[in-house]
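The sequence and the structure are shown first.

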Amino acid sequence: MNKLNLDNKLITSCRKYAKSIAKDVQDYINKHSTVSVERTVLRLLGIEGVDKFDVPLVNRLVDDVKENGDLSLGVSIYIASALKANNKNLTEYLDYYLSNNVSLTDNKLVNKNEVDKILRLYYKKSLTKIKKNRDLRTKLINKYGERKTELYVIVATGNIDEDVLQAQEAARAGADIVAVIRSTGQSLLDYVPYGKTTEGFGGTYATQENFKIMRLALDEVGNELNRYIKLVNYASGLCMPEIAAMGALERLDVLLNDSMYGIIFRDINMKRTFIDQYFSRMLNAYSGIIINTGEDNYLTTSDAVLEAHTVTASQFINEGFALEAKLKPELMGLGHAFEINPNIENSFLLEIAQAQLSRELFPKAPLKYMPPTKHINGNIFRAYQQNAMFNIVTNLTEQKIHLLGMMTEAIHTPFISDRYLAIKNAEMIQKSMKSLTDEITYKKDGFIQKRANEVLENAHMLLKQIDKDGMFKTLANGVFAETKRAEDAGKGLDGVFKKSNDYINVVSDRLEAYFNEN
Amino acid sequence: MKIRPYGDTLNDGATQVSFTLPIELSAKAIQAAKELAKKMGLINPSVVHSEKIGKNFSFFIIYGALNANVDIDKIKVTEIKKTSKSQKEIEEMIKTNFERELIFVGASTGTDAHTVGIDAIMNMKGFDGHYGLERYQGIKAYNLGSQVNNEDFIKIARDKKADVLLVSQTVTQKDVHLKNLVELVELLESENLRDKVILIAGGARINHELAKELGYDAGFGPGNYAEDVALFAIEELIKRKEG
Ligand code: B12
């Protein structure tokens, strides 16, 4: 695939800078952990549920250590010590913990090298389950096959039962991937709500039970249709790694898991986010979950023509972070979007250049291509046309994950008919233009080639600058999405802590060993 | 003057509607759609397209002639006239009427994370070629960003001695915006601040009528820019100063 005549040296140099940028942050990440990382460890030991005040047990336990012990050691050693000192298994201990006025820190700490031995049995159970999920996914995809470009729609009713109905109908209409949008505000909760939910705003709460319910529904309809329907949710927020763990346990297939989305669009502290995304992505890598990144969103706050290179630069950086977390290119669903003002002359050509550029820079990645949103207004007929143009570019540039645009984008979260009409729009274009891309080359040094090379050059310059400034300063300067975030501002910083030399995280130790072996 | 929708002949009432029914497509379903159209007041509705869009869902497009009409002369709306005043003229107005800078504090409040609307009004850069309030001489604009809860918003407004409060709301599902907007008014009242500020709401689904109903001084939807908001606020401040 080489239609743009890109400069390979420049691409290699972009990767070099991105690697160095990610490495620099990774050095910081390696020295730190967060409350959500620790809660994730507990979840993977098999702890779930809430206490009588609806506080998730994992929150209670980590807060307990934070208040009464030394969290810089990690929560692993405290759990191991509690089990040993009380001579109880995990279930017994949790019963005892909840019904007596005790602290997780009441016990004499075990020797560091005993921790893994005591806890292995618990996390192994979860990791085995995740591995089974991964194998089953592979098996089903091999059995049913997969479309070259997969149609992705969202459901967002707020009520998981209604979501199920809509998701199944979407699959019957032709959707390959269904995302359940989260309720407004969930990303700022420093805990994951528990149980089935039927009330949300602008989306439905991401809970493990809701994941389970939707997985079952999609398997059911997939079985009916002889297709594997993929399930998507969103990790970004204060509970990134916890949601990644829940997603792995319930066989989600795709997770929004950007290294910067939470910082830029939810004002979550950057240190918190970087540490969380790392552990979260390690889990994604282990569970075979495709990550989706959020570069497309930059173009909703900044201009899609002037700032196109920030998307490209960010894709390289997200790739850099993903590699640090041992994600394979096949799991990197890097994001980009069709967001140029359609009233600009030749905007369609600019879109082709941008989309083809992403395709050629990341040939193995299951790219996530977002539809027009910002320049959609209440004129649904105009929106339908914009979406058709977007669908054409998707096919011409061979994108993998094709988020369908809704004609009612400017009005409400999708109605069932909006989704249906969007699927039919995409299918007509997919079918009628099936081999068009094979017939097309772009004129040497023509408009499209020139534009793509220009964006790449600008991205290269930006990456060079970021490498010089470092990521923290770059975000403070508002380079992405024209949104400035200070290093020590934003939500969730109080949940970040420096690891002691004796810090233990039994799950990440195990995962690292696994990645080294495989 | 009484009017009806126009297709190709005056007063033909030509109207199109589309909707989904939660039943399988069948002759009965098509008839049901037609009956519904009649109940909407369409004469001779014709189901020009029907399609199965799911196991238990069918979709219809219908054309018909609307029976109803309205007397356009009897319709009253409260709207804010779009200003023809320029930034310069507005700055001049401030200079002649006030000896100090006017303080505008704005935010996208509650759990709402959408900033593009409030930024369009407040930030230097503005929107669609209309500069934002930060660029106005005589105005000190504080844009607090998004996800600002009402309590914090009020606290900052008090600290900054705000003359004008600008609230943006974008997410409207299940009427979250209404709850949030009303809560702000109640909090302001309980802190005896409501009368001391000009309170303005804005967003894609906000209009002046709705904002007034909720206890705001004004509401601005799409197509409004910094100068519209500035002029309204300043005229109001002058009125209050004189009144
Ligand atoms: C950009 C965008 C985003 C960006 C926002 C980035 C940012 N920093 O702002 C991102 C990707 C982050 C985003 C997230 C979400 N979004 Co959004 N988003 C949009 C989008 C595409 C454009 C909105 C926009 O920027 N418009 C441009 C601005 C300039 O227009 P405006 O806000 O109307 O502002 C004008 C006027 O209204 C007025 N104005 C606005 N505010 C104010 C205030 C005052 C005081 C005044 C005087 C005037 C004024 O002046 C402006 C200029 O004329 C719309 C779809 C669309 N095309 O409208 C969806 C949309 C608004 N989003 C939607 C949703 C549901 C969400 C999420 C809740 C989804 C989720 N569950 O995660 C999240 C938000 C989570 C949260 N906590 O809020 C829905 C809302 C549905 C509804 N009616 O409730 C929409 C309509 C999309 C859809 N169809 O589903 N979104």
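Predicted model: local features only at pLDDT ≥ 70, side-chain atom pairs only at ≥ 80, totals over all residues.

In chain A, a backbone N or O atom of A:Arg182 lies 2.5 Å from a nitrogen atom of the ligand.

Several elements give two or more residues to the shell around the ligand. From chain A these are α10 (261–266) and α12 (298–301), and from chain B they are α3, β8 (164–168) and β9 (198–202). The largest share of the shell, five residues, is supplied by α3(B).

The ligand is located between chains A and B. It is surrounded by 48 residues, of which the closest are A:Arg182, A:Glu409, A:His412, B:His114 and B:Thr115. By residue class, the shell consists of 20 nonpolar, 23 polar and five charged residues.

B:His114 belongs to the loop of chain B between β6 (102–108) and α3 (116–122).

## Salt bridges

Side chains of opposite charge can pair when their charged atoms come close. Over all chains, the count comes to 44 salt bridges. One of the pairs joins A:Arg147 to A:Asp176, with the closest N and O atoms 3.2 Å apart. This pair links distant parts of the chain, the two residues being 29 residues apart. A:Arg147 is in the loop between α6 (115–144) and β2 (150–155) of chain A, whereas A:Asp176 is in the loop between α7 (160–173) and β3 (177–180) of chain A. The relative accessibility of A:Arg147 is 24%, so this residue counts as partly exposed. A:Asp176, at 6% relative accessibility, counts as buried.

In chain B, a salt bridge connects B:Arg240 and B:Asp217, whose closest N and O atoms are 3.3 Å apart. This pair likewise links distant parts of its chain, at 23 residues apart: B:Arg240 is in helix α7 (residues 226–242) of chain B, and B:Asp217 is in the loop between α6 (208–213) and β10 (218–220) of chain B. B:Arg240 is partly exposed at 34% relative accessibility, while B:Asp217 is buried at 13%.

## A pair within one helix

Where in chain A do A:Lys424 and A:Glu427 lie? Both are in helix α16 (residues 416–432) of chain A; because they are three residues apart in this helix, they are separated by about one helical turn. A:Lys424 is partly exposed, with 29% relative accessibility. A:Glu427 is partly exposed as well, at 22% relative accessibility.

## Helix α2 of chain A and its charged residues

Is helix α2 (residues 35–44) of chain A largely enclosed or open? Of its 10 residues, 10 are buried, so the helix is largely enclosed by the rest of the structure. Among these buried residues are the charged A:Glu38, A:Arg39 and A:Arg43, together with A:Val35, A:Val37 and A:Leu42. The helix is followed by A:Gly46, whose phi is positive, near 105°.

Two arginines of this helix, A:Arg39 and A:Arg43, take part in a network of salt bridges. The network also includes A:Asp190, A:Glu242, A:Arg272 and A:Asp276.

## Sequence separation and domains

A:Ile466 is in helix α18 (residues 447–469) of chain A. It counts as buried because its relative accessibility is 1%. A:Ile466 and A:Ile21 are separated by 445 residues in sequence, and their C-alpha atoms are 7.1 Å apart in space.

For chain B, the domain assignment gives domain 1 (2–71) and domain 2 (87–242). The C-alpha centres of these two domains of chain B are 41 Å apart.

Methods: Residues numbered from 1 in each chain as written. Chains lettered and ligands numbered in written order. Heavy atoms only, no water. Buried < 20%, exposed > 50% of the residue type's maximum accessible area, 1.4 Å probe, protein only. Helix = DSSP H or I, 4+ residues; strand = E, 2+ residues; numbered from the N terminus. Salt bridge = Lys/Arg side-chain N within 4 Å of Asp/Glu carboxyl O. Near = heavy atom within 4 Å. Polar contact = N/O pair within 3.5 Å; in protein donor to acceptor, adjacent residues only side chain to side chain. Domains from an automatic or database assignment.
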